[in-house]
Every structure is written in C-alpha cells, then in structure tokens.
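This briefing covers the sheet, the helix packed on it and the salt bridges of one model. The sequence and structure come first, and the notes follow by topic.

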Amino acid sequence: MWTEQNNTLYKKFVFRNFSEAFAFMTRVALEAEKMDHHPVWTNVYNCVEIWLNTHDAGDIITDKDHKLAAAIDKLICKTA
C-alpha cells in the first residue's frame, strides 16, 4: 500500500534477489518515461523504495502521482 509521507507517495518493494529488483526498476522506468513522470527511488540489493510527487506542481502529490503509483502496482502483479 502506498502511504503519504512528507508530500510524497511512498512504497517499499522487496524481491527475492537483485535481478528481480532490477527487472522491476526497468519496467517502472519504461512506464515512467511513457508518462513523462519520473520517480525518486533507491535500490539496495533486493529492496526498491519509491517516492512520488510532482515537481512541476511544487513537490506535492497530484493525480500524476496516483496514476503512476497505480501503473507501478500493475507491474508488480505481472512480476509476481
């Protein structure tokens, strides 16, 4: 579940290994590029953390963030 933290939508994803985490990040990157909306994220081994907010709107959560979060959740369903 995405949570609101400091004007961002946040979610942590944990995978079985680095390869799965990196594959997920690649799919997210392609989706984000299509939407022209790019996340702030970190990756350490099998863990990916993502923060979404809209920089053009003053670093607040907007509909663009909710749409990208929903698209990311759909990617997880395909990964599992």
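**Helix and sheet**

Helix 1 lies across strand 2, strand 3 and strand 4 (47-52), and it runs at about 165 degrees to strand 3. Contact here means heavy atoms within 4.5 Å. Axes are lines fitted to C-alpha atoms, for helices over the stretch in contact, and angles run from 0 to 180 degrees between N-to-C directions. Helices (H or I, at least four residues) and strands (E, at least two) are DSSP runs, numbered from the N terminus.

This is a predicted model: local features need pLDDT of at least 70, side-chain atom pairs count only at pLDDT 80 or more, and totals for chains, interfaces and linings use all residues. Residues are numbered from 1 along each chain as its sequence is written, and side-chain values use heavy atoms, with hydrogens and water left out.

- Four strands make up an open sheet with the order 1-2-4-3 and antiparallel pairing; two strands pair if DSSP finds at least two bridges between them.
- Strand 1 (3-5) and strand 3 (40-44) are at the edges with a single partner strand each, so one side of each has no neighbour in the sheet.
- From one strand to the next, the twist averages 25 degrees.
- Strands 1 and 2 run antiparallel and are joined by three bridges.
- E4 has L9 in strand 2 as its bridge partner.
- In general, strands of a sheet pair through backbone hydrogen bonds, either parallel or antiparallel.

- The structure has four salt bridges, each a side-chain nitrogen of Lys or Arg within 4 Å of a carboxyl oxygen of Asp or Glu.
- One of them joins the side chains of K11 and D73, at 2.8 Å from N to O.
- K11 belongs to strand 2 (residues 8-14) and D73 to helix 2 (residues 63-79), so this pair ties together parts 62 residues apart in sequence.
- K11 counts as buried, at 15% relative accessibility, while D73 is partly exposed at 25%.
- Buried means under 20% relative accessible area, exposed over 50%, and partly exposed in between (1.4 Å probe, protein chains only).

**Salt bridges within helices**

- E31 and K34 form a salt bridge through their side chains, at 3.3 Å from N to O.
- Both E31 and K34 lie in helix 1 (residues 18-35), three residues apart, about one turn of the helix.
- K34 counts as exposed, with 66% relative accessibility.
- The side chains of K67 and D63 also meet in a salt bridge, at 3.2 Å from N to O.
- K67 and D63 are both in helix 2, four residues apart, about one turn of the helix.
- D63 is partly exposed, at 48% relative accessibility.
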